[in-house]
Amino acid sequence: MRVCSRRFLHILVLFIFNSCSFQHQKGTEAASAVDVSKMSYEQVRVSVIDKYCTGCHSVAGGNSGGINLESYANVVADLSKINQACFVDHTMPKNGSLAPQDAALLHAWMQAGAPEMPGGAPAPENPGGSVGHSISGVDPSLLSYQNLNEQVFTPSCIECHSKKDNGEGDKGGVNLESYATVTKNLDRLFVAVFYEAKMPPKKPLSNTQLDLLAAWIAAGAPEEAPVLKSTFSSIEKIVISQKCIQCHNPKGKARHVPLTNYKDLINPNSTVIVPGHPEKSDLYIDISKAEDDEDRMPPPKASKRLSDDWIGKIKQWIDDGAPEN
Ligand code: HEC
Ligand code: HEC
Ligand code: HEC
């Protein structure tokens with residue numbers, strides 16, 4: 001049973017077709033998001049792995065292709081191959097295909113870092129975004145409908161998916177000229193682009209376009225880009241879960257400095273955040289470092305420097321005493 005959540009997502013959101021389908025939306029309401037923090041391996045095992053894969057990828061099935069998918073550890077060890085086979089080459093499952101809602105579930109779970117338990121940390125060595133399209137590298141300020149329209153829909157889709165006087169437009173009955181029509185068709189769009197890989201039919205999207213589209217859908221297809229506020233919940237949702245948690249979780253590269261929840265940040269035994277004193281707070285000091293400083297957070301190899309606006313908002317929150325608001 002999947003749960004629809006009103007709360008915006010943690011690492012990422014992808015829509016699930018069953019109970020949270022965009023088809024149930026009315027008018028131009030913003031797309032509702034599924035809380036990926038409720039996803040677990042158990043759900044993926046029941047809905048996908050045991051249903052479509054272990055017939056061949058088990059000891060009894062002869063471990064086809066040398067791949068065994070009978071445990072969480074084995075699935076995680078082969079995540080990038082699974083991604084390649086199911087979402088890039090479209091060779092698996094052999095002799096069949098995943099139902100759209102099951103494909104979306106598998107994809108969303110992998111994008112969330114393949115957590116074992118609901119709300120669990122991403123699988124070791126497979127932080128969120130390291131499989132499929134690299135959502136975590138996309139700057140959230142780019143995630144507005146206007147930007148998606150400029151970067152993706154207008155250059156790559158509108159030619160065939162707009163109203164035409166001669167009645168030839170809206171191919172497949174799909175119009176992609178407005179926020180309302182894009183969100184209305186979002187489930188079909190996801191499947192056509194990411195799972196069946198049949199759209200656009202001739203000129204495939206670039207990786208940059210795919211990352212942007214995946215990140216936008218994962219963020220719940222918002223009309224406006226998220227705006228950072230000087231509050232813990234906003235900083236957690238927009239900055240930490242998108243730009244830091246992939247390393248700063250109990251199994252990640254920076255496990256010595258966990259940033260998983262409020263208590264981790266405001267730990268009196270550490271100087272990650274010293275309420276009221278940004279200049280003494282490691283987090284503020286590190287995000288303020290120069291673009292090419294190798295001690296900068298997030299590290300130059302992982303991501304660009306946070307914008308000055310965001311750094312200012314985080315400073316303000318620490319100045320305000322870093323409340324749990
Ligand atoms: C009918 C049997 C069958 C089913 C069902 C099946 N596979 Fe496979 N799989 C194979 C065989 C056989 C190979 C070996 C390569 C080949 O023949 O294509 C393989 C290879 C693979 C590989 C390795 C590809 C590589 O590049 O090394 C992965 C990963 C994989 N399968 C994942 C899956 C997943 C995930 C599912 C379920 C969604 C699945 N398979 C369902 C038979 C199957
Ligand atoms: C050159 C023309 C062309 C372009 C460009 C194009 N499409 Fe399509 N699209 C079609 C045609 C033709 C169909 C109907 C046949 C089909 O479903 O394959 C279609 C169908 C669809 C459907 C419905 C699929 C279904 O199975 O219900 C979606 C969703 C879609 N397109 C999305 C997109 C998106 C998103 C883009 C841009 C990233 C895009 N298309 C670019 C021609 C195009
Ligand atoms: C690609 C991985 C990665 C990302 C992404 C990342 N960090 Fe780090 N961070 C590290 C590593 C590795 C260390 C060193 C950890 C250790 O000492 O064990 C570190 C250390 C830190 C420290 C402690 C440094 C000190 O001075 O003691 C802070 C604070 C920090 N990071 C904040 C952040 C914040 C905030 C973000 C997001 C804006 C972020 N990091 C993103 C890898 C990362």
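Modeller: In this predicted model, the largest share of the shell around ligand 2 comes from α7, which gives 4 residues.

Colleague: What makes a residue part of that shell, and which residues are the closest to ligand 2?

Modeller: A residue belongs to the surroundings if its C-beta atom lies within 6 Å of the molecule; 20 residues surround ligand 2, and the closest are Cys157, Cys160, Lys171, Gly172 and Pro200. The elements that give two or more residues to this shell are α5 (145–156) and α7 (186–195), and by class the shell holds 11 nonpolar, 4 polar and 5 charged residues.

Colleague: Why is Leu69 called buried?

Modeller: The term requires 20 or more other C-beta atoms within 10 Å, and Leu69 has 23 such neighbours, so Leu69 counts as buried. Leu69 lies in the loop between α1 (41–53) and α2 (72–77), and, leaving aside neighbours within four places in sequence, Leu69 is in contact with Ile49, Cys53, Thr54, His57, Asn74 and Val75.

Colleague: How do you know that the buried residues of α3 line one face of the helix?

Modeller: In α3 (residues 79–88), the buried residues are Ile82, Cys86 and Phe87. Seen down the axis of α3, these buried residues fall within an arc of 90°, and therefore they line one face of the helix. On the other side of α3, Lys81 and Val88 are exposed.

Colleague: What follows α3?

Modeller: His90 follows α3, and the phi of His90 is positive, near 60°.

Key. Residues are numbered from 1 along each chain as its sequence is written. Chains are lettered from A and ligands numbered from 1 in the order in which they are written. This is a predicted model: local features need pLDDT of at least 70, side-chain atom pairs count only at pLDDT 80 or more; totals for chains, interfaces and linings use all residues. A residue is buried if 20 or more other C-beta atoms lie within 10 Å of its own, exposed if 12 or fewer, and partly exposed in between; C-beta atoms are placed from the backbone. The arc is that of the directions from the helix axis to the C-beta atoms. Ala, Val, Leu, Ile, Met, Phe, Trp, Tyr, Cys and Pro count as nonpolar, Asp, Glu, Lys and Arg as charged, and the others, Gly among them, as polar. Two residues are in contact if their C-beta atoms, placed from the backbone, lie within 7 Å.
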